[in-house]
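Dear colleague,

I am passing a structure on to you, with a short account of what was found in it. Please open it first and keep it beside you while you read the notes that follow.

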Amino acid sequence: MNDAVENFLVWLAVQKGASQATQKAYGSDLLQLDTFLRSQGVDLTHVENISRRHIQAYLAWLFRQGEAKSSMARKLAAVRTFIRFQQRNGLVVENVAAQVRNPRQENRHPRVLNVDETFALLDATDNAPKAAAKDLLCRDLALAELLYGSGLRISEALNLNVVDVQLASRVLRVMGKGVKERLAPLSDTSFSSLVAWLKTRHHLAKSEEQALFVGTRGARLNRREAARIIARLCRRAGLDVTISPHCLRHSFATHLLAAGADLRSVQELLGHQRLTTTQRYTQVSLKHLTEIYDKAHPRAEKNFTKEK
């Protein structure tokens, strides 16, 4: 990795408060771009030689490689941020990546569970025969309850320390994207699950470990382990789908809006910087309501056609 990219990643971490996952993704994206650009006779070390056509050629190459349009958009965002950083340092006059449009995205909505599926996943009974298995299930349910009950990102949940849990006021101190802190309320079931987990956490955690959620080795739980936990709960609940941890956050937002919560409140709870990010959940709710109408209403077009 060249010095220009390394300096950018340091700035991203220190000045922008980017997470380790974001730093890793941007570093990987820029390394891929640099490899492509070298085949075109330029590179990221001399960013002033990069033109808009180079960026367009890069996106075209990604398309031919079968890259998803959402990934292409993320990679383009990384390039824009990198060149903007070079602008601030006076190395380039204009941001050529900002002159390139994002690929048109597929109209996809976040995957969500319905209420019955969510309750089935969260209502697993503690009938495990061994004490160690009981401890793990206690942890697993506490994690799932936080993802759904408080709408946390998986990274936010895994970064929580024990001191961030304020049981007396029933809130969590959450560090969101861009090192922005917010208070997330605890639902009754989240509160109960956390109390149960905190009572048994010492069976798994190392004595010096500050993390709220720990793995079997006593250290902070990682994303891969968290994904396996939610997949295991799905199987335990007998669901015919296996969801990602983030799906519980999507379900949290969708269920709130379907129950009449206002968009601004949901935005605050999710920690979204822009309201437009939250608005996609209104489309999910509307789509769900339309499906219910089509199935249930006697004058809905499908039912009316069948009667004819």
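Is Arg 88 buried or exposed? Before you look for the answer, please bear in mind that this is a predicted model. Arg 88 has a relative accessible area of 59%, and because exposed is the word used for values over 50%, Arg 88 is exposed. On the surface, Arg 88 gathers with Lys 16, Arg 84 and Lys 180 in a patch of positive charge.

In the loop between H4 and helix H5 (115-122) you will find Leu 91, whose relative accessible area is 48%, so that Leu 91 counts as partly exposed. Leu 91 and Glu 48 are 43 residues apart along the chain, while their C-alpha atoms are separated by 6.8 Å.

The other part to look at is the sheet, which is open and is formed by three strands in the order S1-S2-S3, with antiparallel pairing. Strand S1 (165-166) and strand S3 (181-185) are its edge strands, since each of them pairs on one side only.

Conventions. Residues are numbered from 1 along each chain as its sequence is written. This is a predicted model: local features need pLDDT of at least 70, side-chain atom pairs count only at pLDDT 80 or more; totals for chains, interfaces and linings use all residues. Side-chain values use heavy atoms; hydrogens and water are left out. Patches are made of residues with over 30% relative accessible area and no salt bridge: like charges are joined within 9 Å, nonpolar side chains (Val, Leu, Ile, Met, Phe, Trp, Tyr) within 5 Å. Accessible areas come from the Shrake-Rupley method with a 1.4 Å probe; for residues, only the protein chains shown count as cover. A salt bridge is a side-chain nitrogen of Lys or Arg within 4 Å of a carboxyl oxygen of Asp or Glu. Lys and Arg count as positive and Asp and Glu as negative; His and the chain ends are not counted. The place of a charge is taken as NZ of Lys, CZ of Arg, CG of Asp or CD of Glu. Buried means under 20% relative accessible area, exposed over 50%, partly exposed in between (1.4 Å probe, protein chains only). Two strands pair if DSSP finds at least two bridges between them. Helices (H or I, at least four residues) and strands (E, at least two) are DSSP runs, numbered from the N terminus.
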